[in-house]
Amino acid sequence: MRILRRSLGCLAWVVLAGLPAGAQTEELESSVLDGAGGRAAGGTYELVSATAQPGGIQASAAGGTGGLRHQAGFLGTFVLKPELDHDGNGIPDEWDDDNDGDGLADRAELAGTDFEGAWGVAAPTDVNAADSDGDGAGDDHELLAGTDPNDADSLFAITDIQREGVGARVNWKGRGDGTGYRVLGHDGSYAPPTDELDIVVVADPGVGVWHAAEGTWLDPDETDARHYGVVKE
Ligand SMILES: [Ca+2]
Ligand SMILES: [Ca+2]
Ligand SMILES: [Ca+2]
Ligand SMILES: [Ca+2]
């Protein structure tokens, strides 16, 4: 009996080390909580001194829109909640420049600058959720794949594998506009597919600013069991 198994939805070779690291030496942004326990929206301010203030913090507004103001008002609304540590790395959100641990700095997520730099589309994402749209692809993954981090229908993943003739057809969703994908395989019992089967360029311009499109590839080989993976070039 022939068995076709869905394998890894995608494999990202690109490491995240090249992403801009979030500097948080002088500026904090919306990881700071307001008095109600919510996240201050869009605020940008600076810590200008650690002296002469209760709690050792003095703050000055710096043109932000989050409603944070000078010393007294700021101190009246600032609540440090060290128990809030969204990524569980032991660093409270207030001091963590990557609250959700997805490799994208809070500041970059607020402004969407990583996506803008890579794909020309600013895409602000949730600093407290590693997968902002809940589609199973982390924000870092969507950044590498060039998919919309705020649309659960936009992601890079194998959608189905079906028999066709003696072979099998592999379909995935991802990006058009000339994006290249390598189709990988592994025969026999499961192991991450590493054998390169083909390279597919999705020339379809795709839909919308994220060029959402589907890729497809027909495997002409007949095998008893083959696992597939698709890697964005
Ligand atoms: Ca943390
Ligand atoms: Ca993050
Ligand atoms: Ca996602
Ligand atoms: Ca998405």
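Is D177 buried, partly exposed or exposed? I looked it up in this predicted model. D177 counts as partly exposed, at 35% relative accessibility.

**Salt bridges**

I found 7 salt bridges in the structure. D177 takes part in one with R175, at 3.1 Å from N to O. R175 counts as buried, because its relative accessibility is 3% and the cut-off is under 20%.

Next I checked R169. R169 pairs with E164, and the closest N and O atoms lie 2.7 Å apart. R169 is partly exposed at 23% relative accessible area. E164 is partly exposed too, at 34%.

Then I turned to D221 and R226. Their salt bridge has its closest N and O atoms 3.2 Å apart. D221 is partly exposed at 35%, whereas R226 is buried at 7%. Shared partners link D187, D219, D221 and R226 into one salt-bridge network.

**Calcium site**

Which residues coordinate the calcium ion (ligand 1)? I listed D85 (OD), D87 (OD), N89 (OD1), I91 (O) and D96 (OD), at 2.3 to 2.4 Å. Along the chain, the donors follow the spacing D-x1-D-x1-N-x1-I-x4-D. I also looked up the accessibility of two of these residues. D87 is partly exposed at 25%, and N89 is partly exposed at 39%.

**Nonpolar cores**

The largest nonpolar core has 15 residues. V170, W172, W217, Y228 and V230 touch the most other members. I noted the elements that give two or more residues to this core: β5 (157-164), β6 (167-175), β7 (179-187), β8 (195-202), β9 (212-219) and β10 (225-232). β6 gives the most, with 3 residues. Another core, of 6 residues, lies apart from it and includes L104, F115, V121 and A123.

Conventions: Residues are numbered from 1 along each chain as its sequence is written. Chains are lettered from A and ligands numbered from 1 in the order in which they are written. This is a predicted model: local features need pLDDT of at least 70, side-chain atom pairs count only at pLDDT 80 or more; totals for chains, interfaces and linings use all residues. Side-chain values use heavy atoms; hydrogens and water are left out. A nonpolar core is a set of buried Ala, Val, Leu, Ile, Met, Phe, Trp, Tyr and Cys residues joined through side-chain atoms within 4.5 Å. Buried means under 20% relative accessible area, exposed over 50%, partly exposed in between (1.4 Å probe, protein chains only). Helices (H or I, at least four residues) and strands (E, at least two) are DSSP runs, numbered from the N terminus. Donors are N, O and S atoms within 2.8 Å of the metal (3.2 Å for Na, K and Ca); water is not among the atoms, so sites may look incomplete. A salt bridge is a side-chain nitrogen of Lys or Arg within 4 Å of a carboxyl oxygen of Asp or Glu.
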